[in-house]
Amino acid sequence: MAADEFLADPEELAVKLGRSPDDPQLLYALRAATRRFRGQVHHPVTFVADDVVLLDGNGRQSLLLPVWPTTAVSSVLLDGAELSEGVDYSWSDAGILRRLGGLHWPNRLRCLQVTYSHGWNGLAEVPGDIQEAILERAEAAFTIPVGVQSKAVGGQSVTFGAQAAAGATEAWTKAVDRYKVRASGEA
C-alpha cells in the first residue's frame, strides 16, 4: 500500500467500524473517499515536487499559486525571462507569490511559468479536517447501502440523512472549499 494512497488512516476507520484495518471493503471505501476528495479539489493533496504551472498575471503585486502549502519555488519565468527570488519575487507557504521592488505582475494571460513544490508529506501532515471528511465519507459508504435513505427490519427502522447518503456533508463541503485549486487572480 503506497504511503499516499489514502488521505486518512485505515486504522482509525477500522476502530470506528469494528473491522480489521485490512478489510477489503473498508479499504475500498477509504480509497473511494480519497479519490473523490482529490477529484473535487483537483489536486493530489499529498506532496508534489517541481510542479510546473502556467499562470495568468493579475495586474497586482501578489497572486496565489493554485495549490498550497507551498514548500519550494524553484523558478519563476515572466514572459520566458527567469526572475530571481529575493530580488524580483518572494513567496510564502500559503502559496502567495509577491512581486518585489514596487512592481506588479502584468495583467496578461499565460505570462508566468512557475515551478514549485506543494502539498503535505505523508498522512501525519494531512490536515485534520481533510482526514475527518474522508473518514466520515468512507464510513457512510461502508455503512449506508447505495440509494437507501431508510431501512426497516422487523419493528425497527433507521433513516439516513440525505447528506450522509450522498456524501455532501457540511464537513466535506468546507474541506473541499478550503483546499480546492485556486485561481491565480484571487490574491
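Is Y179 buried or exposed? Y179 counts as buried, at 4% relative accessibility; buried means under 20% relative accessible area, exposed over 50% and partly exposed in between, with a 1.4 Å probe and protein chains only.

Some ground rules. This is a predicted model, where local features need pLDDT of at least 70, side-chain atom pairs count only at pLDDT 80 or more, and totals for chains, interfaces and linings use all residues. Residues are numbered from 1 along each chain as its sequence is written, and side-chain values use heavy atoms, with hydrogens and water left out.

Now the rings. Rings of Phe, Tyr and Trp (its six-membered ring) pair if their centres lie within 6.5 Å; planes under 30 degrees apart are stacked, over 60 edge-to-face, the rest tilted. That rule gives four aromatic pairs. In one of them, W68 and W120 have ring centres 5.8 Å apart and planes at 70 degrees, so this pair is edge-to-face. Both residues, W68 and W120, are buried.

W120 also meets Y179: the centres are 5.6 Å apart and the planes at 80 degrees, so that pair is edge-to-face. W120 lies in the loop between β7 and α3, and Y179 in helix α5 (residues 170-179), so the pair ties together parts 59 residues apart in sequence. Helices here are DSSP runs (H or I, at least four residues), as are strands (E, at least two), numbered from the N terminus. W68, W120 and Y179 form one aromatic cluster.
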